[in-house]
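Student: I would like to go through this model with you and ask, for each label, what criterion stands behind it.
Tutor: Then let us set each value against its definition and conclude from there.

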Amino acid sequence: MQKSHFLVVIVFSLAVLSLAQDKPAITSPPDTARVFITDSQSWSIAGSSGGAGGAYGGSMAGGARPQTAEIIKTFGERCPELRVNNKQDKADYVVVLDHEGGKGLLRHKNKVAVFNRVSGDSIVSKSTLSLGGSVQEACDAITRDWSEHGASMRVEAAAAQEKLVPAATRVPAKTSTAQLQIDSTPPGADIEVDGSFVGSTPSDVQVVEGDHTVVVKKSGFKSWERKLKSSAGSTVHISSELEKADTP
């Protein structure tokens, strides 16, 4: 009896292992979806009317007021699994939400639309009765879309960003340089390297590795010249003794 029970346990374990191996792996989307909220306005409309003694009067007031901060706050409350980002080029989704206030609840005409930033396609576009409802519609649509397409979206975004970067800047060119420490007696002479003025003695001058011509000049003295070859990372000390120029 014990042997039979032992065999049943082995067969059951092998069956479970087989099912686990046959089950396809689930690919999870990368980290958290990033959402950019466009600058939005709340359109507030209010009015009143009345009459007395055969006269009738009425008034209407309205206007737009900033609403973006309130929408971001509501996103944080309704959609804690999403991350609101203030850089549109770094976001995965762009949310456009118009909120209408100053009316009875059933007269609100809020509008919300969500776009995939990489493709530009809309994943939801609806009218709602409340700001919270608009945010919830956006949140649910993003969550569904991200679970299905999040991984591929990040790959496409990285590829698009790569195309925007010039090939010359993708791998910075490494320029090998050397340092020339140049002084003179007397000091205060002009320094020219390869025909270009680079400062006065004493000075430290950065040059690319290779062959160079250094000329030191000072009024009343003969020009001093030296040809040299510099190697990357080296420091070359140059001291020039200037001779007084012949007087006529």
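Student: Which residue is the bridge partner of Asp-190 in strand 10?
Tutor: The partner of Asp-190 there is Ser-200. Before we go on, note that this is a predicted model, in which local features need pLDDT of at least 70 and side-chain atom pairs count only at pLDDT 80 or more, while totals for chains, interfaces and linings use all residues. Residues are numbered from 1 along each chain as its sequence is written, and side-chain values use heavy atoms, with hydrogens and water left out.

Student: What makes strand 9 and strand 10 a pair?
Tutor: Strands are DSSP runs of E with at least two residues, and helices are runs of H or I with at least four, both numbered from the N terminus. Two strands pair if DSSP finds at least two bridges between them; strand 9 (residues 190–193) and strand 10 are joined by four bridges in the antiparallel sense, so they count as paired.

Student: Why are strand 10 and strand 13 called edge strands?
Tutor: The open sheet has four strands in the order 10-9-12-13, with antiparallel pairing. Strand 10 (196–200) and strand 13 (224–230) each have a single partner strand, so one side of each is left without a neighbour in the sheet.

Student: What is the strand order in the open sheet of three strands?
Tutor: The order is 11-8-14, with mixed pairing, and the edge strands are strand 11 (203–208) and strand 14 (235–241), each of which pairs on one side only. Strand 8 (residues 177–185) runs antiparallel to strand 11, with six bridges between them, and Ala-178 stands opposite Val-207 in strand 11.

Student: How do you know that the side chains of Arg-154 and Asp-92 meet in a salt bridge?
Tutor: The definition asks for a side-chain nitrogen of Lys or Arg within 4 Å of a carboxyl oxygen of Asp or Glu. For Arg-154 and Asp-92 the N to O distance is 2.9 Å, so the pair meets the criterion. Arg-154 lies in helix 3 and Asp-92 in the loop between strand 4 (83–84) and strand 5 (93–101), so that the pair, 62 residues apart, links distant parts of the chain. Both Arg-154 and Asp-92 are buried, a label given under 20% relative accessible area, whereas exposed means over 50% and partly exposed lies in between (1.4 Å probe, protein chains only).

Student: Why does Lys-229 count as exposed?
Tutor: Its relative accessibility is 63%, so Lys-229 passes the cut-off for exposed. Its side chain meets that of Asp-211 in a salt bridge at 3.8 Å, N to O, and Asp-211 is exposed too, with a relative accessible area of 58%.

Student: What makes strand 6 mostly covered?
Tutor: Five of the seven residues of strand 6 (residues 110–116) are buried. Strand 6 also pairs with strand 7 (residues 122–128) in the antiparallel sense over six bridges, and Ala-113 has Ser-125 as its bridge partner in strand 7.

Student: Which residues lie nearest the centre of the largest pocket?
Tutor: They are Asp-89, Arg-117, Ala-157, Ala-158 and Gln-161, out of 13 lining residues. Helix 3 (residues 131–164) gives the most to this lining, with six residues. A pocket is an open set of points on a 1 Å grid over the protein atoms alone, where a 1.4 Å probe fits, with protein on both sides within 12 Å along at least five of seven lines, and lining residues have an atom within 4 Å of a point.
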